[in-house]
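Subject: Structure for your review

Dear colleague,

Please find below the structure that I am handing over to you. My notes on it follow directly after.

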Amino acid sequence: MFMRVAVGLVLCMLLASIPISSAQSDTKEEETWPGDPIDSHVHMTWAALTLEVNGWADDYPEIVELADVGKSELGKSLWVVRISDWSIENKSDGSAKEVVYIDGGHHGNEYLGTALAWLSAKWYINGWAEGNQEAINVLQNTVLHILIMLNPDGNDIDTRWNINQVDLNRNYDHYWNTCPTTQPGSSAFSESETAANSAYMNAEVADADLYVTMHTGVWIMLYPWGKWPEQPADWELYHQIRDDVNDNISSIPIQNANQGLYPNCGTSRDYGYGVMGYPTFTFETDDEQFVPGSFENLNDRLAEEMDVMRFLINNVWYWRARLDVQSLEVSDNEVTIEVANHGHASTSNATLQYLDSSGQIKWTSSAFTVNATNSTMIALDAGDLDSSGEGSWQMYYQVRVINASRWVTEEIDVQVVTLVEDDEASFLTGFGLFNSLTTIISIIGLAIVMKPEDEDLADNCLAEIQEN
Ligand SMILES: [Zn+2]
C-alpha cells in the first residue's frame with residue numbers, strides 16, 4: 001500500500017515535470033532580464049526591478065498583484081509580487097488556496113539567487129499567459145508571494161550587507177547573535193528590511209506551507225537548523241523531499257544548514273521554521289555569476305533549479321500533515337478511529353473533539369501522533385464522553401511537528417461515524433469465551449460423548465465446576 005502510494009506520487013511528479021519548453025519557445029514578447037551588463041553579469045538594479053514588476057501588474061492584472069510591503073533603510077520599496085488566478089477565490093473543493101512564500105536578495109551581491117526569485121515569478125506568469133497547464137493548475141490552487149529583492153540598497157552598490165553594513169541574514173529574531181558571526185546588527189530586526197520581511201510573514205503568509213529563501217554560493221539546498229547540528233523535528237518531511245528531489249529531479253545536495261554549510265544563527269530560514277513553523281529551504285544557486293540577458297537564457301541557466309522549485313510548488317499540498325478520519329466508532333467507554341495521514345509531515349499533538357449541537361466543544365481526547373504518509377487505528381479512552389444528541393466531531397491538530405507550526409480544525413464527515421449501542425455491547429460480552437455457563441455447557445456435551453469408563457472423570461469435572 002505504502003509502495004503503491006509512493007509510486008503513484010512519483011508518477012504524479014514525473015507527469016508534473018513534463019517540459020513545457022515547446023510552449024515557451026513560441027513566445028515573442030520581450031523577455032529581457034531587467035538589468036545592465038556589469039563585469040560578466042547582467043545586474044538588475046532596484047529601479048529596473050521596480051519597472052519590471054509594475055509592468056507585470058499592469059499587463060496581467062488577472063493573475064498579478066503588486067504590494068509595497070515596506071522600505072529599505074534608504075527608503076526603496078520592498079515589492080512583493082502576488083501571483084494567483086484571481087478569478088477563483090478558493091480551490092474547487094471550497095478550501096483555501098495553498099500559500100507559498102519566496103524571497104530573494106538578502107545579500108546584495110548574490111545576483112543568481114535574486115534572479116531565481118525573479119524567474120520563479122516570471123515562469124508562472126509566462127506559463128499562464130501561454131496556456132501552460134501546469135502553471136494554470138498552480139495558479140488556480142495556490143497563491144505565490146515573491147519578494148524578489150529584500151536588500152535593494154546593498155544590491156545597487158553590489159555588496160553583501162545592507163546600507164548599515166549589517167548581514168540581513170543574521171538579523172532575524174531566532175537565536176540572534178548566538179553563533180560566531182559577523183555584523184548581525186545591533187539587535188534582532190534592527191534593520192527595516194528584515195523587520196518588514198517578518199511583518200509580512202506574520203501578517204500575510206502565516207499559513208504558508210513552503211518558504212524558500214534564495215541565495216548564491218555553493219550549489220546546495222539547506223534546511224533547518226543553522227543553529228544546531230541536530231536534525232529538525234520534521235526531519236521526515238525534509239528527508240522525503242530530499243530523496244524525491246534527488247531520485248527524480250536533481251542531484252543538488254540537500255542538507256541541514258549547520259552541517260551542510262556552517263553554524264549560523266538569526267537566519268530567515270531558522271526564523272521561518274522555528275518561529276513561523278514553515279517548511280523552509282535556503283536555495284543556494286552556484287557561484288557562477290554570469291547571467292544572460294533574456295528570460296529564455298536565464299531559464300536555461302537555472303532550468304534545474306526551476307525544476308526543483310516547480311516540484312516544491314506543485315506538491316505544496318503534501319508539505320504538512322493531512323489527517324483523514326476513515327472510520328470513527330463510539331462505544332461505551334472508548335472511541336476508536338482509523339485515521340490516514342495523506343501529508344508528508346507527521347503530527348504529534350492531534351486530538352479528537354466532540355461538539356454539541358450548538359457547536360460547543362464537549363469532549364477532547366488525549367493527544368496522539370500520526371506519522372507522515374501513514375494510516376493507523378487509535379483507541380481513545382472516552383469514559384467521560386456523553387455523545388447523546390445531535391453532536392458532531394472534529395480533528396484538532398498541528399500541521400507539522402515543530403512547536404511553531406499552525407493548528408487546524410477539520411470537521412469529520414458524519415458518514416464515517418458509527419455508534420455501538422450499549423445493549424449490543426453487553427450482548428457481545430455475553431458470548432465471551434470464558435463465560436462460565438458456556439464452559440459448563442461444553443463440558444456437559446463432552447460428558448455425553450464419553451465412554452462409560454470415563455464417566456467418573458466426567459463426573460469429577462462437573463463436580464469441580466459446581467464447586468467453583
Ligand atoms: Zn546569501
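Leaving aside its neighbours within four places in sequence, which residues is Leu-210 in contact with? In this predicted model, the partners of Leu-210 are Val-99, Val-100, Tyr-101, Pro-279, Phe-281, Leu-312, Ile-313, Val-316 and Trp-319. Leu-210 itself lies in the loop between α7 (192-204) and β7 (211-216). Its relative accessibility is 0%, and Leu-210 therefore counts as buried. Between Leu-210 and Gly-277 there are 67 residues in sequence, yet their C-alpha atoms are 9.7 Å apart in space.

Overall composition

The protein has 468 residues, of which 49% are buried. Its secondary structure comes to 15 helices and 19 strands. Among contacts with a separation of 6 or more, 72% are between residues 24 or more positions apart.

In soluble globular proteins, nonpolar side chains tend to be buried together. In the present model, the largest nonpolar core has 59 residues, and Ile-148 and Leu-312 are those with the most contacts inside it. Helix α4 gives the most to this core, with ten residues. A second, separate core consists of 25 residues, including Val-330, Ala-382, Tyr-397 and Val-399.

Leu-312 also brings us back to the opening question, as Leu-210 is one of the residues it touches.

Helices α3 and α4

The axes of helix α3 (residues 46-59) and helix α4 (residues 111-129) come within 12 Å and cross at roughly 25 degrees. Because angles under 35 degrees count as roughly parallel, α3 and α4 are roughly parallel to each other. Their crossing is left-handed. On the α3 side, the residues that meet α4 are Leu-49, Glu-52 and Trp-56; on the α4 side, they are Trp-118, Ala-121, Lys-122 and Ile-125. The residues of this contact divide into five nonpolar, no polar and two charged.

Loop residues of note

Val-218 is found in the loop between β7 and β8 (220-223). Is this residue buried or exposed? Val-218 has a relative accessibility of 54% and so counts as exposed. Leaving aside neighbours within four places in sequence, Val-218 is in contact with Glu-284 and Thr-285. Val-218 and Phe-283 are 65 residues apart in sequence, while the distance from C-alpha to C-alpha is 9.6 Å.

A cis peptide bond joins Pro-224 and Trp-225, with omega at about 5 degrees. Trp-225 has its place in the loop between β8 and α8 (235-248).

Two residues in the loop between α6 (152-156) and α7 also deserve mention: Asp-158 and Asn-177. Asp-158 is not a glycine, although its phi is positive, at about 60 degrees. With 36% relative accessibility, Asp-158 counts as partly exposed. Asn-177, likewise a residue other than glycine, has a positive phi near 55 degrees. The relative accessible area of Asn-177 is 39%, and this residue is partly exposed.

With kind regards

Key:
Residues numbered from 1 in each chain as written. Predicted model: local features only at pLDDT ≥ 70, side-chain atom pairs only at ≥ 80, totals over all residues. Heavy atoms only, no water. Axes fitted to C-alpha atoms, helices over the stretch in contact; angles between N-to-C directions. Helix = DSSP H or I, 4+ residues; strand = E, 2+ residues; numbered from the N terminus. Parallel < 35°, antiparallel > 145°, perpendicular 65-115°, else oblique. Left-handed = near helix turned anticlockwise from the far one by under 90°. Contact = heavy atoms within 4.5 Å. Nonpolar A, V, L, I, M, F, W, Y, C, P; charged D, E, K, R; others polar. Core = buried A, V, L, I, M, F, W, Y, C linked by side-chain atoms within 4.5 Å. Buried < 20%, exposed > 50% of the residue type's maximum accessible area, 1.4 Å probe, protein only.
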